[in-house]
Amino acid sequence: MFRQKCLVVKQELTAPGHFTLTLRSPRISKNARPGQFVQIQCAEDSCDPLLPRPFSFLTAGSSDFSVLYQIVGKGTELLARKKKGEEVWIVGPLGNGFSVSGSKNRLALLVGGGVGIPPLYHLAQELLKKKMNKKNIHVFLGARNKSLLLCEKDFDRLGVDLHLATDDGSKGRKGFITEPLEHFLAATGDSRQIYTCGPTPMLKAVSRLAARYKVPCEVSVEEPMACGFGACLGCAIEVKKGETKRFAIACCEGPVFNSKDIVW
Amino acid sequence: MVNLETRIGKLKLPNPILVASGTFGHAKEFEKFIDLKKLGGIVTKTITVKPRLGNPPVRIVETPSGMLNAIGLQNPGVEKFIEEKLPYLRKLKIPILVSIMGYRVEELVELTHRLEKSGGFDGYEVNLSCPNVSYGSSSGAVMFAHDASMIEAAISAVRKETKKTVVAKLGPDVSDIGKMAQAAERAGADAVSLINTFIAMAIDIETRKPVLANKTGGLSGPCIKPIAVRMVWEAAKKVKIPVIGIGGIMKTEDAVEFLIAGAAAVQIGTANFINPCASIEVLNGLGNFMKKNKIKNIRELIGSIKEN
């Protein structure tokens, strides 16, 4: 965990309303694990908006890291105006991240929707670095239409198996990504692991499928948060252990949880 | 060299920059960002007799230049606090104020009694003003901070149990903050700290539902600072005990404003969420401000407001 001012290396439009921001920080970059995130201060004086915005890593190399974000409000609008050569305050890397260890022979099923896709791209890169066979990595992407299938080409370049679905049928299967996922789960019987990130209804549906097919499933959740490092206790999510329920703090106990532990 | 030393009753603070309860966890959360030993003191996250799970989400929402929170005093309870959190705080060897909260006076007595047995800290901040929990057993129960006689009852009960420093944390939703501060003074408080968050609300206009699951929450951040400065100024004129200023301090200039208004020390709150190094940056900035303005002792600044 560090707080530092990072140089903007690149800012590019990647999809309608979506930007990829590349920032320089060897120490944040080198320590970043897939599923972890950074807090970015979008307003210079930090009054409007007051709170930093959390973004998961898209990539993290030896000196630079990147995040892929959608413009949804004032904070992200300000962020999109940052140009190469400017600087922004960053706190990170934060959170626990996905577990990347495990048998190389298992099938890794990466299920992403919307802006939940970027951390899965980071994960795919990391799994390949861990010498996992690219044939064993299956990526399921869902979006409203084909232009919003984030990172599709990047995943394609990695040579992993891609399964697509769009709401309007402009690419891949028409409908939700959980349909191709269910077909896949029904057709394969090897040791498997699901990793998922995206809108809550999708996470819920994926978790249900994981339970039905008895596949371990890691879910990355997003909750409104202030600090990002466990001080404010704002990003509560209800979890259970046996019969005991409690509120876990998503920023530091998560954002990645075992889907079985979450009270959906 | 500038002298930053200030006093809260018997308690000597190396400098006037403290961190506010509920914004700093139990300090360990910040050890990777700052040198905790440099702080003037730490006020812990409020603890209660029994553990509290806290409120269901949504717990926070951002508002213009501010935020609402309704955490609901999530905390491990006094026993676990003593066992798991206090040893770390004790090792920092800086002033530690344990924030305590009870729903009834008896609970405050029980908490103080238990903490006195444990020791290893410097005083109490009695949270009389958490806006996010229901008080008492009857629906008509009110927050301690809203009633001068209740403030007096709560503080004198704690006072009887301890020789350590007792600070009364007051809430802003009152008609006369001076009277509330006087009630705490009468009851034997060594200092008052103000203000806690304002009870506030945000509504989602699409669903027409309150954004927070608790419906209301506490408003904090730079938007409350001018009101906080006014209340500190008012309270400082009414009591002889020190006032600790809290409310939207983001940078050194804000802290200086509170000191001039009459605060003997200040607490950094919401700023810790945005910049985990905020407290130390304010402290360093304060030293620089004093040097620049040739102020040798922080006492020359405290209450130095020129009203005519």
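What share of the 308 residues in chain B is buried? Buried residues make up 56% of them, where a residue is buried if 20 or more other C-beta atoms lie within 10 Å of its own, exposed if 12 or fewer, and partly exposed in between, with C-beta atoms placed from the backbone. The structure is a predicted model, in which local features need pLDDT of at least 70 and side-chain atom pairs count only at pLDDT 80 or more, while totals for chains, interfaces and linings use all residues. Residues are numbered from 1 along each chain as its sequence is written, and chains are lettered from A and ligands numbered from 1 in the order in which they are written.

Select chain B first. Its secondary structure comprises eight helices and 16 strands, these being DSSP runs numbered from the N terminus, with helices of type H or I and at least four residues, and strands of type E and at least two. Along the principal axes, the C-alpha trace of chain B spans about 55 × 50 × 40 Å.

Within chain B, zoom in on Gly120(B), which sits in the loop between α2 (105-118) and β8 (123-127). Gly120(B) is partly exposed, with 13 other C-beta atoms within 10 Å. Leaving aside neighbours within four places in sequence, Gly120(B) is in contact with Leu86(B) and Arg90(B), where contact requires that the C-beta atoms of two residues, placed from the backbone, lie within 7 Å.

Now move to chain A, which has seven helices and 16 strands. Of its 264 residues, 49% count as buried, and the C-alpha atoms of chain A fill a box of roughly 55 × 45 × 35 Å along the principal axes.

Display the open sheet of chain A, in which seven strands follow the order β4-β3-β7-β1-β2-β6-β5 with antiparallel pairing; two strands pair if DSSP finds at least two bridges between them. At the edges stand β4 (53-56) and β5 (59-60) of chain A, each with a single partner strand, so one side of each has no neighbour in the sheet. Next select β2 (residues 18-24) and β6 (residues 64-70) of chain A, which pair in the antiparallel sense over seven bridges; in β6(A), Gln70(A) is the bridge partner of His18(A).

Continue to helices α5 (residues 178-187) and α6 (residues 200-212) of chain A, which pack at an angle of about 10° with their axes 11 Å apart. The axes are lines fitted to C-alpha atoms, for helices over the stretch in contact, and angles run from 0 to 180 degrees between N-to-C directions. The helices α5(A) and α6(A) are therefore roughly parallel to each other, since angles under 35 degrees count as roughly parallel, over 145 as roughly antiparallel, 65 to 115 as roughly perpendicular and the rest as oblique. To see their contact, show Thr178(A), Leu181(A), Glu182(A) and Leu185(A) of α5(A) with Ala205(A), Val206(A) and Leu209(A) of α6(A).

Finally, show both chains: 26 residues of chain A are in contact with 30 residues of chain B. On the side of chain A that touches chain B, β14(A) gives the most, with three residues.
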